[in-house]
Amino acid sequence: MPETNVAIIIVAAGSSTRFGTDKLGVLLCGRSVLERAVAALRKPFPDAPLVLVVRGDQVEQVRARWEELAIRVTAGGERRQDSVRNGFAALDAADDTIVVIHDGARPFVPPDDVMRVVAAAAEGGAALLVTPVVDTVKRLRPDGTVETTVPRDRLARALTPQAFRAGLLRSAWEAAGDTFWTDEAALVERQGGAVVAVYGDSRNVKVTHPDDLAFVAGIFPRRTRVGQGFDVHAFAAGRPLWLCGIRFPGEMGLAGHSDADAPLHAVTDAILGACGCGDIGEHFPPSEERWRDAPSELFVRHAIALASQRGWCLAGCDLTLLAEAPRIAPHRAAMRARLAELLGLASDDVNVKATTCEGMGFVGRREGLAALAVVTLEPA
Ligand code: MG
């Protein structure tokens with residue numbers, strides 16, 4: 001529909017009283033309900049002007065973050081219908097523009113549904129998304145008993161987005177004066193205007209009660225990446241021993257170009273592996289003089305930055321050291337705390353274990369030590 005001018009209003013000025021907390025800020029796989037609602041409308045119309053209507057006391061707090069994304073922020077009113085009008089005023093839309101109104105508490109609507117409701121409004125002036133009512137519907141008496149079963153063949157549940165020609169909305173508002181309507185489709189239909197019902201995806205639910213979150217969370221499944229790392233260094237006289245960024249005074253150190261902190265090298269490789277960024281040797285070649293005796297924390301930080309650029313953050317790390325000496329147990333708590341700090345994780349999300357190799361192999365012969373790491377990443 002390249003010939004249709006579209007403008008978008010996202011209404012997020014409710015008080016979440018039925019939810020108990022700020023439902024729009026709840027994260028669904030790394031992005032808030034509101035961010036997902038905005039993204040869902042932007043996807044099919046990336047260049048359309050978009051106004052976000054929030055509570056008056058939140059405007060200053062959120063404006064900078066949204067305006068960075070070229071989204072205008074304006075204050076809502078007392079009722080939803082007032083908030084929509086405030087958003088509309090901020091758009092300054094020409095009469096033939098199709099204005100798309102969407103609830104900020106609906107994080108999921110497929111782009112195709114948005115496009116079909118806009119196409120229907122471009123043709124008929126007003127349209128809304130609906131889904132069929134699949135349950136049998138009962139009308140109840142005030143005492144809670146059933147009065148009657150309501151035929152459902154012509155019933156539908158109203159969703160958003162709803163879309164209207166701007167000129168039609170203007171005249172509907174003018175005619176309605178200060179009456180009340182539950183949504184703009186109701187406003188238009190009450191005045192005898194035709195509103196086209198467009199069947200959409202039934203997963204387009206409004207997050208109203210905490211229970212709704214379990215349902216929508218299933219639409220945005222959690223993604224996890226796992227990476228493994230392995231490193232070995234030989235013992236070398238005359239060098240300090242560093243393990244997990246902790247100095248082991250009086251113990252024989254490890255040979256290596258950097259500080260030879262094998263567990264941190266294994267952690268670095270695990271992070272690089274999980275985000276698909278190669279290995280430590282690629283990023284920090286031992287041929288480069290500037291990494292001589294470098295603290296290995298640098299390598300870990302670099303790997304975290306690469307993961308972050310690709311949209312991932314650390315979720316957990318499990319580390320195993322294979323060594324006959326030194327004794328790890330007295331230092332294990334310090335190593336775990338240092339590793340957690342370095343990875344930006346709670347101590348519970350990090351584990352440090354150690355084992356000997358029962359005298360077998362190069363570890364058993366005390367020629368060196370080995371480290372194995374597993375990390376998990378989640379979308380940032
Ligand atoms: Mg190494």
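Two strands count as paired if DSSP finds at least two bridges between them. Helices (H or I, at least four residues) and strands (E, at least two) are DSSP runs, numbered from the N terminus.

You're looking at a predicted model, in which local features need pLDDT of at least 70, side-chain atom pairs count only at pLDDT 80 or more, and totals for chains, interfaces and linings use all residues. Residues are numbered from 1 along each chain as its sequence is written, and side-chain values use heavy atoms, with hydrogens and water left out.

**Stop 1: the two domains**

Colour 6-217 as domain 1 and 225-379 as domain 2; these bounds come from an automatic or database domain assignment. Taken over C-alpha atoms, the centres of domain 1 and domain 2 are 50 Å apart.

**Stop 2: a five-stranded sheet**

Now select β15, β12, β18, β16 and β17, in that order: they make an open sheet with mixed pairing. At its edges sit β15 (253-254) and β17, each pairing on one side only.

Zoom in on β16 (residues 312-322). With β18 (residues 368-379), β16 pairs in the antiparallel sense over ten bridges, and G316 has T376 as its bridge partner there. With β17 (residues 350-355), β16 runs parallel, joined by six bridges; look for L322 opposite T355. To get from β16 to β17, the chain passes through helix α11 (residues 332-343), a right-handed β-α-β crossover. Right-handed here means that, with the strands pointing away from the viewer, the path from the first strand over the helix to the second runs clockwise.

P326 is in the loop between β16 and α11.

**Stop 3: the magnesium ion**

Which atoms coordinate the magnesium ion? Show D231 (OD), H233 (NE2) and H265 (ND1), at 2.1 to 2.2 Å. Donors are N, O and S atoms within 2.8 Å of the metal (3.2 Å for Na, K and Ca), and water is not among the atoms, so sites may look incomplete. Along the sequence, the donor residues follow the spacing D-x1-H-x31-H. H233 belongs to strand β12 (residues 225-236) and H265 to helix α8 (residues 262-274), so this pair ties together parts 32 residues apart in sequence.

**Stop 4: the second largest pocket**

Next, select D22, L24, L34, Q58 and V62, the closest to the pocket's centre of the 17 residues that line it. Its volume is about 280 Å³. A pocket is an open set of points on a 1 Å grid over the protein atoms alone where a 1.4 Å probe fits, with protein on both sides within 12 Å along at least five of seven lines; lining residues have an atom within 4 Å of a point. The volume is the space filled by probe spheres set on the points.

β4 (50-54) and α2 (59-67) each supply at least two lining residues, and α2 gives the largest share, four.

**Stop 5**

Most residues other than glycine have a negative phi, and most peptide bonds are trans. D92 is in the loop between α3 (80-91) and β6 (98-103). Finish at T160 and P161, joined by a cis peptide bond with omega of about 10°; P161 is in strand β10 (residues 156-165).
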